[in-house]
Amino acid sequence: MRKCIFSILFCFLIHPFVTAAGNGDDFKTASTSEPSYSEPQIMWGRNMWGKEGSKNGEFRGPSGIAVDSAGNIYVADTRNDRIQKFDKNGKFIAVLGSSGTGEGNLGNPGDVAVDADGNIYVVDTRNFRIQKFDIDGNYAASWGPESEIGSGFIREPVGIAVDSTGTVYVADAWQSLILKYDANGNFITAWGDPLNGSGGRFSFSPTYLAIDSSGNVFSTDYYNNRVQKFDATGTLITSWGIQGSLVGEFSYPTGIAVDSSDNVFVVDTFNNRVQKFDNSGTFITEWGSAGDGYGSFNWPIGAAVNSSGKIYIADTLNNRIQIFNSSDKACIFTSLLGETDPNINKIRNFRDTVLVKSVLGRQLIGLYYKTSGMFQPLLEKNPSAKKTTEIMLKSFLPVIDMIIQ
């Protein structure tokens, strides 16, 4: 029997309820009769917002996420059959789409991308198509099974990305392909192979996509628990990852984003964390754990990074969006200490903060800061390991997971 990605990821994206067909909606701002959503919650200069619901600023399973050149945020509000638009701080601006199968209608949209001109591309998952809207949310075009162009047939679209020239890339899980189109949906090429999962192939699992400044295409390879990097023609450059929970390993990765320095952020969904790598796949850092506090996740999916380095994560089953700053020490350590721990604020004032883990990389030993040339503890999970910890701090062995300057 075919290994179906719907068994895990798309049982969420394709929600089994019937919606009526109808005409789509352009972007709509909140009406005065509708109760407004709560303002984003501010924590140590960072934001998170959202809760379960269908009002403005509420979500039912947010998944894909994108940022435009002005810093506005677009969220695929999957089970509400819509795209929501927010400013960079999470203040609601407008909504696009409604349930249905007509032009502009959406069915469990799984991802969204925005090009340099502000055009919006939506993966209309349950309707098995891509829809394009202009900057004001007006319907512009669509392509999919009923509008096949050349060999660019779409069966189960998941992720989407647009490069600096307006070229559109779509990850199709059923066909195990990455499909490449021009800005109007004309098919250009495709690559991948549904028969096996060796390098350059996907074994029924390409999910989300991101593009770096050189036009290279990164894809999370869901069932193979890895990231693959291709050039714009589909030639495999490199890949990394295996199944697991250590650094550099994945348990069903989904969302992926690239920052202005071409660092790669991967949403490690079943491990409830985000991992950061350089452009070649060398591990840099990680954060997150299972939970509902700030810095914790419950089945996160989408990721996006804006021009100033803010990282937006769709915390899917917590029905919210979290914002992090990769240069902020507190964002990395909040989930380890707890969001109310006073040491979170202390970390922000220390030049050197060190996270020490066991040799295997996952058991936390302690969190330390450097003062007067000496490391002092902020948190010691295993006091009996104090001597070993002191040796590691003095020698700077590789078991020290990270030093943040």
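In which sense do strand E20 and strand E21 pair, and over how many bridges? Strand E20 (residues 264–268) and strand E21 (residues 273–277) pair in the antiparallel sense over five bridges; two strands pair if DSSP finds at least two bridges between them, and strands are DSSP runs of at least two residues, numbered from the N terminus. Within this pairing, Phe265 stands opposite Lys276 in E21.

The model is predicted: local features need pLDDT of at least 70, side-chain atom pairs count only at pLDDT 80 or more, and totals for chains, interfaces and linings use all residues. Residues are numbered from 1 along each chain as its sequence is written, and side-chain values use heavy atoms, with hydrogens and water left out.

Both strands belong to an open antiparallel sheet of four strands, ordered E19-E20-E21-E22. E19 and strand E22 (283–287) stand at the edges with a single partner strand each, so one side of each is left without a neighbour in the sheet.

The structure holds 20 aromatic pairs (rings of Phe, Tyr and Trp, the last by its six-membered ring, with centres within 6.5 Å; planes under 30 degrees apart count as stacked, over 60 as edge-to-face and the rest as tilted). The rings of Phe133 and Tyr139 have centres 6.3 Å apart and planes at 80°, so this pair is edge-to-face. Their accessibility is tabulated below (buried, under 20% relative accessible area; exposed, over 50%; partly exposed, in between; 1.4 Å probe, protein chains only).

| Residue | Class and relative accessible area |
|---|---|
| Phe133 | buried, 0% |
| Tyr139 | partly exposed, 28% |

Ring pairs also link Phe218, Trp240, Phe250, Phe277 and Phe283 into a cluster.
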